[in-house]
Amino acid sequence: MMSEFASTQIIEVTYLIATVLFILSLKWMSSPATARRGVWAGEFGMLLAVAGTLLHRGIIDYKWLAAALVLGTIIGVPLGKVAMTAVPQRTALSHAFGALCVTLVGTAEFYLRAPSVPPFMMAVLGMEVILGSLTFTGSLMAAGKLQEILPQRPITYKGQNLVNLGVLAIAVIVAIILVLHPERVYLYPLIVILPLTFGVLMIIPIGGADMPTVISLLNSYAGLSAAAMGFVLDNKLLIIAGALDGASGFILSVNMSKAMNRSFSNVLFGAFGQEQASAAAGAETRAVRSASAEEAAAILGAANKVIIVPGYGMAVSQAQHKVRELYDALTKRGVDVRFGIHPVAGRMPGHMNVLLAEADIPYDKLMEMDDANGDFAQTDVALVIGANDVTNPAARTDASSPIYGMPILDVDKARTVMVIKRGMSAGFAGIDNPLYYSDKTLMLFGDAKSFVGSIVREVTGGSGH
Amino acid sequence: MKLDFLTSLYVFMLAGFIGFEVIRRVSPLLHTPLMSLTNALDAIAVVGAIILAGEHKTNFSAILGTIAIVAATSNIVGGFLITDRMLKMFKVSGPKKS
C-alpha cells in the first residue's frame, strides 16, 4: 500500500510531465509537419495526468468515476467524427461542455467550503463561476446559431447593451458581496443564474458573419475560467492549461477582430453585429459583364497564374471537391493555381484551410491574405467563389462604407476577376460590391458547385465526366 | 494559503507569456485544429472533477463532479479525435497517390 506522501508525489510528477507535454503539444502545432506529434504529446500528457489523479488517496468511490469516464467517451467519439463543415458548431459545443465542467466543480467547491470561504479564494471562485456560466449558455447559443437551429440574423433592440452589461454587472457585484460576506450563502445562485442569462443575451445580437470572433472569444473565456478553477483547487497544471487556452483564444479573437476591422473593446464586450447595413443600396441597375463556363474555361486555361479566393458560399454549396478538380485540371495544363484565404473566410479561425485540406488541396498552395495580396498584381485571373465582402474594394476606397478599413483580398489588382455568384444580391453586411461593375470583372452566375463542374468539363476537353 | 495564491499567480502569468509566444507562432493554416486541441487540453479540468466525485464528500458534490467528468471527458475524447482527423488531411503537393 502506498503512503499518502508517495501518492501525492506521484500525482505531482505526472502533472509536471503533463505540463511539459502540453506546452510541447502547442509548440508542435506551429507547422503541419509536426502538428500530429503535438496531438500525441497532448494525449499522452492527458492520459498521465488522469491516471495520476486516479491514485489520489481521497478517492473512495471508483464506480461512478468509471461510469462517468465511459459515458463521456461515448458522447465524445461522435463529437470527434462530425463533418468538417460542422466543426465550428462542434467547437462551440465543446466550449460549452468545458464551461459546464468548470461551473459545476466551482459550485460544488463553494458549497463544500461555505460559509467560510477565504476572500481571495471566493474572488477567483466567483470569476470561475461567472465566466463558466456565461460561456456555457453563450456557447450553446453560438452552436445553435451555427447549426441553424436558432435564427442566424442578429436580433437587436434599443438599450440592449445596457441591459446585457447590467445583468453582468449585477453578477459581479453579487460576487464582490460574497467575497466580503461569504456567509451569505443564499446569494450564490445569483452568480450562476445571472451569467447564464447574460450568455444568452450576449449572443442574441450577433450574426453569422461574426461567429469566428465570437467562438474565439468564448474559447478565451473557457480557458480563463479553467485557470480560475486551478486557483481554487491549487492545481498548477490546470492553471497552466487554462492560461494557454485563454492566451490562444485571446490571440485568435484579436486576429479575427482585426480581420473584421472591429475595435478591441468591441471584442471584449461582445458587442458585435450592431451596425445595421446602412440602407442595402436597393436594386442596382448598373451593367455587369457576365460569362459562360466555356468562356471562363478558355480564359483560365490560357492563364499562367490563377488565384482562387474561396468564401463560405463555396462551402455552403459543397463545391470544395469540384474546386479541387478544377485545381487538378488547371495544374495539369501548367497553370500555377493557388488559393488566397481571408482570415474570416470560414465560420471559425482557419476553417477554410481545413475545408480545402479535406478536399485534398495541398496546404502549400494556400496563401494567407498578406501573401496573396502581394501576388494579385502579377496574377492573370482571380477567381472568387462564394466570397463577397472580403473582396469588396470599397473597404479600401469608400470611407462611407460600413466595411471601410476592413482588410480585404485585393482581387481587383489581378488582370481579370471572375466571380461565381448565384445572383446580384449583396453579401452578409448587405453592402453592394463595386468589384462586380468593374471592366475587368466577369460575373459567372450560377451555383458554385455546378458552375465549377462545368468549367472543369470545359478545361478537360468537354468529355463527359 | 496566501503564499499559495501568490505562487499560483506567478504560474498563471508565466504560462500566459509562454502561451502568447508559442501560439503566436502557430500558422493561421492550423488555427481550427489549434482551437480544438487547446479545447481538449483545457479539459484537463477533469482532474478536479475526478477528485470531487471520487471523494464523495456530499451527495451534491459527487453528483456535480460526476456530470463534470462526463462533460470534460467528452471534450478530451472528441477534441483529440477531431484535431487528429483534421491534421491528417493537411498534405503537401507533390507526387500524389490516387
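The following exercises, each with a worked solution, concern a predicted model.

Residues are numbered from 1 along each chain as its sequence is written, while chains are lettered from A and ligands numbered from 1 in the order in which they are written. In this predicted model, local features need pLDDT of at least 70 and side-chain atom pairs count only at pLDDT 80 or more, whereas totals for chains, interfaces and linings use all residues.

**Exercise 1. Describe the overall extent and the domains of chain A.**

Begin with the box: along the principal axes, the C-alpha atoms of chain A fill roughly 80 × 55 × 35 Å. Next, take burial, where a residue is buried if 20 or more other C-beta atoms, placed from the backbone, lie within 10 Å of its own; by this rule 55% of the 465 residues of chain A are buried. Then divide the chain into domain 1 (1-60), domain 2 (84-268) and domain 3 (293-394 + 406-459), with bounds that come from an automatic or database domain assignment. Finally, the C-alpha centres of domain 1 and domain 3 of chain A are 44 Å apart.

**Exercise 2. How do helices α1 and α2 of chain A pack?**

Helices (H or I, at least four residues) and strands (E, at least two) are DSSP runs, numbered from the N terminus. The axes of α1 (residues 4-28) and α2 (residues 35-54) of chain A lie 8 Å apart at an angle of about 165 degrees, the axes being lines fitted to C-alpha atoms over the stretch in contact and the angles running from 0 to 180 degrees between N-to-C directions. Angles over 145 degrees count as roughly antiparallel, and α1(A) and α2(A) are therefore roughly antiparallel to each other. The residues of their contact comprise 17 nonpolar, 7 polar and 1 charged, where Ala, Val, Leu, Ile, Met, Phe, Trp, Tyr, Cys and Pro count as nonpolar, Asp, Glu, Lys and Arg as charged, and the others, Gly among them, as polar.

**Exercise 3. Work out the strand order of the open sheet in chain A and the setting of β6.**

Two strands pair if DSSP finds at least two bridges between them. The order of the 6 strands is β3-β2-β1-β4-β5-β6 in chain A, with parallel pairing. β3 (366-368) and β6 of chain A each have a single partner strand and stand at the edges, so one side of each lacks a neighbour in the sheet. For β6(A), that partner is β5 (residues 416-421) of chain A, joined to β6(A) by 5 bridges, with V417(A) partnered by T441(A). Although β6(A) stands at an edge, 4 of the 5 residues of β6 (residues 441-445) of chain A are buried, so this strand is largely enclosed by the rest of the structure.

Notes:
Angles under 35 degrees count as roughly parallel, over 145 as roughly antiparallel, 65 to 115 as roughly perpendicular and the rest as oblique. A residue is buried if 20 or more other C-beta atoms lie within 10 Å of its own, exposed if 12 or fewer, and partly exposed in between; C-beta atoms are placed from the backbone.
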